[in-house]
Structure formats: C-alpha cells, structure tokens
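Dear colleague,

Please find the structure below, handed over for your further work. My findings follow directly after it.

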Amino acid sequence: MYRTHTCGELRMRDAGKAVTLAGWVQRVRNFGGMLFLDIRDRYGIHTIGFNPEHNAAASQLANELGREYVILAMGKVAERSNKNAQMPTGEIEIHVEHLEVLNASKTPPFTIEEETDGGDELRMNYRYLDLRRNNNQQNLLHRHQVARAVREYLDSQNFVDIETPHLIKSTPEGARDFVVPSRLNPGQFYALPQSPQTFKQLLMVAGYDRYYQIVRCFRDEDLRQDRQPEFTQIDCEMAFVRREDVLHMFEGMVKFVFKKVRGIELPDFPRMSYDDAMHDYGNDKPDLRFEMKFVHLKEGETNLVGKRSFKPFDEAEMVAGICVNGCADYTRKHLDELTEFVKRPQLGATGLVYIRCLADGTFKSSVDKFYTSEDLKNIAAKFNAVPGDLLLILAGPAGRTGKALSELRLEMGNRLGLRRKEDYKPLWVLDFPLFEYDAEENRWNATHHPFHFLEAGR
Amino acid sequence: MLRTIPFTSWRPEDEAFFESDPGKIKANAYDIVLNGVEIGGGSIRIHKRDRQEKMFTMLGLTKEEALQKFGFILNAFEFGAPPHGGIAFGFDRFCSMTIANQENIRDFIAFPKNNMGRDMMLDAPGTIDEKQKKELGLK
C-alpha cells in the first residue's frame, strides 16, 4: 500500500504517529517560510505542513506542486497551533519529512470544490474530475447505500436476485426500443429491454416466487429534462400474492431504506384512489407535504356560483379553487403573476378569480360585480376560509382546469415554503382506470404500465 | 401501435364494463408516490391465457398479432402460471428522493448522458467503420 492512513481519519489521538498519506493536492498556501498543503482523497482532507528549515528538499518540491497533483507524503501527526473547527481533521496537521510526486496533473478546467466554477458541459466532458467533487462522491456513496439496503431487505424476505437478458426481441409497443444488429443473423436485430417485464412474469411461471433485480433498462425516447436513455430499476415480482401483500411488502422496503440510510422512520403510508387524487389534487401523484385540497363549487347538486350571469363560471364544466392561508394581502402584482402563471400555454387557463377574506369579515374579489357579499360568504364557507385567507378559483373543462389548479397549488406550496426538503410524505395511489379512450385513433389504450413512473418529476 | 405493454389485471367486479363502458374498469394497479413524485408502480398481473387474450383484443390486436408478439407468454400461461404481481421502482429517482428530496437524477448516475442522449466524455454515439458495417449487413 502507498499509504498507512486515508485523508479523513487522523485526529488528535494520533498525535506523534508516523504516517504516510497519498492523495490529490487540493490547495497550497505559502506563508513566506512555512508552506501548508491540503491533501484530499474520498475520505476527507488533511493539512500537511512543510518547514524549509527542517526539510529543504521536501519544501522545495512542495513549492512546485499544482492543484490535483497526486502525491505521497510521509511525516508525523502534530497538534495544530491554529485549529480549524470547520474541518473534522482541523485539530491536527502532518509535519512532512518526505514528499513524492506520484503523478503530475494539468491544471483542471474547473475547480474541484462543492461550489465549482465549471459549467454543465465542461463538467460532463471531464466527468472523472467532476466525480472528484465531494457532493458527487456523497451522491454515489448514497446510491451504494440505498442499493445495499434494498438488497438487505429483499434478501431477508427470501427474494432471489436473477439476471435477465439484455439482448431480446423487439416488440414495437410502448416506447421506442434501442436495437442491436445481429452479425450472425444478417438483417435481424435484437432490442435492449425497456424493462424485464415479461421475463419476471416467466420467472413466476417457473416457480421463483420472489424475484428481484436492480437492473438497467433502455428506452429510445425524445429526451426531456432529466431523462436518461438508460436508467436503473428495482424490479420485483411475487407469486401467490394479492394486492394487499404487495403493498405491505414494498411499503416495508421503502420504510426500511429510509430507516437504514437516513435514520428516518416513515409512518404507515396513506392510500388514495385515483379518482380521489384527481378530485382533490387534480393530480395522480399528489404532493401531500401540504393540504390545500381542491374545493369544488359546482358539482352534482351543489352550485355556489350559478345564476349570476358570470359566464366563465356558468359555462364551465368545473369550478374549483384552493384556499391559501394568510395571503389575503397579496398585492395586485402578486395576483397578476399568478394569473399569468395559470394562463401559460402549458396550463391554458383563461383566467384566475380571487376572493380576499378580509380581517373585518368582508370579502374583496375580482368578481364583485357578479356576486353579492352573501354569495361570497357562502363560497368562503365552502372553503372553510377564515379572515386573512386568499381563495384562488379556476373554471373550465375538467381535465385542463384540474391540471392548472394542481400546478397553481404546487406553486403556492413553493411560495409559502410548504414543500420542505426535510419532509417525506409517501402514499399509495390505487384503482387507476384500466383503459383510456384514444379519440384520435378510435380505440382503447392501457393506462397503467410498468414504465408509468418514469413520467415522474420531469 | 400499442402505447403500453398490457399485463395488468382488473377488478373482477368490473368485468361487465368490458361490454358497457370500458372506461369504468379499474386496474388492479398501484403507484407509490413520494412528495409529488412517482417513485414506483406495479400491478397484479393477468395469469390466464383467456384473460390475456381478452386484454389484447380490447387493445385492438388481432389474434395473429397477439400470437406473433406475445405467443411465448400466452403459451406459458397454459403451463400452470401462478397468480402473481409486482412492482418496479425507478432506482435513480429513488436515490435522488431519499437524500433531502434532491431532484436531479443525473447527479446520482456516475456517467450520465446529456439531454441529447450523448455521452460527452466518450463522444458517443459515434460512427462505425465500413468493415463493421459490412459484417453487420448494414448500409
């Protein structure tokens, strides 16, 4: 071994030890006579010091080092006179007696720091340098820990890891396949799997009643932001199970991973039907970190907005809104921003109606001309609104309006800081429709499929 | 062209809707959602040939097309296929979500591709030489 210790592990208790470290030069600081250098590996950073009066050769060599040189340094661990509480290794330094350059480095095209000065493209070109950055290392180590925890859980539940082939038959369903020409079968092609779906079902037929695989999948798609043509799936299948068994097993897996990797105990996952998710959140993957459920004003027997000659509401299939706590003082400018937000072509709402619930119990709305204060009071009651609340209401065709209101809800969640990074709110969504009608092609499509989740978070 | 691979079963009580209103049939399917992001999904599958054929027919495949494309699994269902179901999680996404809700999956892949599906470092995809093409019977 080139080293006796890694760069993250020495502490005060090691003072006086003779050690050998190997790693990359993070930076060099020259204080006239004394010279200090940070040496980095994936475990951390140590500061090593050179005193020209004690060791002229090593000091001379250290002076010639650049960033990212690979070096080997031998010396003694010593207490620092000038301790750095920011660094885990900040109480000690190593007084170098011998220094070797294992390899020189060109000046890297960007700084190897958490806050790097390199742009996306540059960092992609030099991915091996980008991966030296601590945040990337932490992410890959995290991935490793998640995979370990997944395997530990599934192994404990008698799942068997079975590999399925990557060269398979092309079935031009679903997304586009990546194809591979076959040399031995001229003019014929394999496809790369979009998922091991049929293989895992065949493994069930074969009697391997609990199967899993952390497996690469391939889809030749037009790439949107944050999609990858090859991606990894935790693929699982069980025989002799009902829905309840599968939910229980994999809720257990997610809980186990969070506990093991993050030390977080997740509560039991609530369940919601697809219909309820669409009705209450306009979304089949609702963010439950905050409430702000849809309130429907025109539904079944209920119509709180009718007979007042306000056409956008009278003619709408759906009139619904959200109650935003404490935002009654939103200015004209704020409200204009939100109106522009819902009118974007992607959302396509025709406008936004607001009702401010004022401190004195009265209401101020963008539809005062049409609705009496009694009307507004009834509407506010439907929202369970209190003074200080702001009601935001959209109207139009159900599908588009639900989607726009869903996005508005998420936007308000962002604005009010309700989507906290440290909160985790998992749920099961159940009872999807099996088919949806494709009016253009005049036929039925299956709505739910193994790749469904890849639509997430795009 | 089918948009999906249709192996998901349906609630037995919805059987009658196949004739009357297929839009009302509920899938025996589930999604796991975390903070507004779908991290996994799956279903209880069809495990009988006649059910699977009914599904293919519903999706507009002729008997011949179904056999040509999925004959292997239709046949397998005739040799004692047990009831089964499963789930798949997007692992890259799962990793990004389990660490402080980070959203960019690319940060959790050692060597990702860019938005054009290119590996910038390797400069892939690239061309292949004439000899390779010839061997593969490509023009």
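In chain B of this predicted model, the mean positions of the 19 positive and 20 negative charges lie 3 Å apart. For chain A, the mean positions of its 62 positive and 68 negative charges are 1 Å apart. Lys and Arg are taken as positive and Asp and Glu as negative, with His and the chain ends not counted; each charge is placed at NZ of Lys, CZ of Arg, CG of Asp or CD of Glu.

Residues are numbered from 1 along each chain as its sequence is written, while chains are lettered from A and ligands numbered from 1 in the order in which they are written. As the model is predicted, local features need pLDDT of at least 70 and side-chain atom pairs count only at pLDDT 80 or more, whereas totals for chains, interfaces and linings use all residues; side-chain values use heavy atoms, with hydrogens and water left out.

Confidence

The complex receives an ipTM of 0.94 and a pTM of 0.92 from the predictor. Chain B has a mean pLDDT of 91, and 94% of its residues reach 70 or more; pLDDT is the predictor's confidence in each residue, from 0 to 100. Within chain B, confidence is highest in strand 3 (residues 84–90), at a mean of 97, and lowest in helix 1 (residues 17–20), at 91.

Chain B as a whole

Chain B contains five helices and three strands, and their order along the sequence is α-β-β-α-α-β-α-α. Helices (H or I, at least four residues) and strands (E, at least two) are DSSP runs, numbered from the N terminus. The radius of gyration of chain B is 21 Å, whereas a compact globule of 139 residues would have one near 14 Å; the value is taken over C-alpha atoms, and the globule rule is 2.2 Å times the number of residues to the power 0.38. Along the principal axes, the C-alpha atoms of chain B fill a box of roughly 55 × 50 × 30 Å.

Of its 139 residues, 56% count as buried (under 20% relative accessible area; exposed is over 50% and partly exposed lies in between, with a 1.4 Å probe and protein chains only). Chain B exposes about 6,400 Å², of which carbon and sulfur atoms supply 56%; accessible areas come from the Shrake-Rupley method with a 1.4 Å probe, and for residues only the protein chains shown count as cover. Among contacts in chain B between residues at least 6 apart in sequence, 51% join residues at least 24 apart, where contact means heavy atoms within 4.5 Å.

Two helices of chain B

In helix 2 (residues 49–58) of chain B, the buried residues are Arg49(B), Gln52(B), Met55(B), Phe56(B) and Met58(B). The buried residues of this helix pack against strand 20 (435–438) and strand 21 (443–446) of chain A, and also against helix 1 and helix 3 (63–76) of chain B.

Helix 4 (residues 91–98) of chain B is mostly covered, with eight of its eight residues buried. Among them are Phe91(B), Arg93(B), Phe94(B) and Met97(B). Just after helix 4, Ala100(B) has a positive phi of about 50°.

Chain A

Chain A has eleven helices and 21 strands. Its radius of gyration is 31 Å, while a compact globule of 458 residues would have one near 23 Å. The box filled by its C-alpha atoms is roughly 95 × 70 × 40 Å along the principal axes. Buried residues make up 50% of the 458 residues, and chain A exposes about 22,900 Å², with carbon and sulfur atoms supplying 48%.

Val254(A) lies in helix 6 (residues 243–262) of chain A and is buried, with a relative accessible area of 2%. Leaving aside neighbours within four places in sequence, Val254(A) contacts Leu266(A) and Phe269(A) as well as Ile32(B), Phe89(B) and Phe94(B). Val254(A) and Leu266(A) are twelve residues apart in sequence, with their C-alpha atoms 8.5 Å apart.

Leu10(A) sits in the segment before strand 1 (18–31) of chain A and counts as buried because its relative accessibility is 0%. Its contacts beyond four places in sequence include Val19(A), Leu21(A), Val77(A) and Ile92(A).
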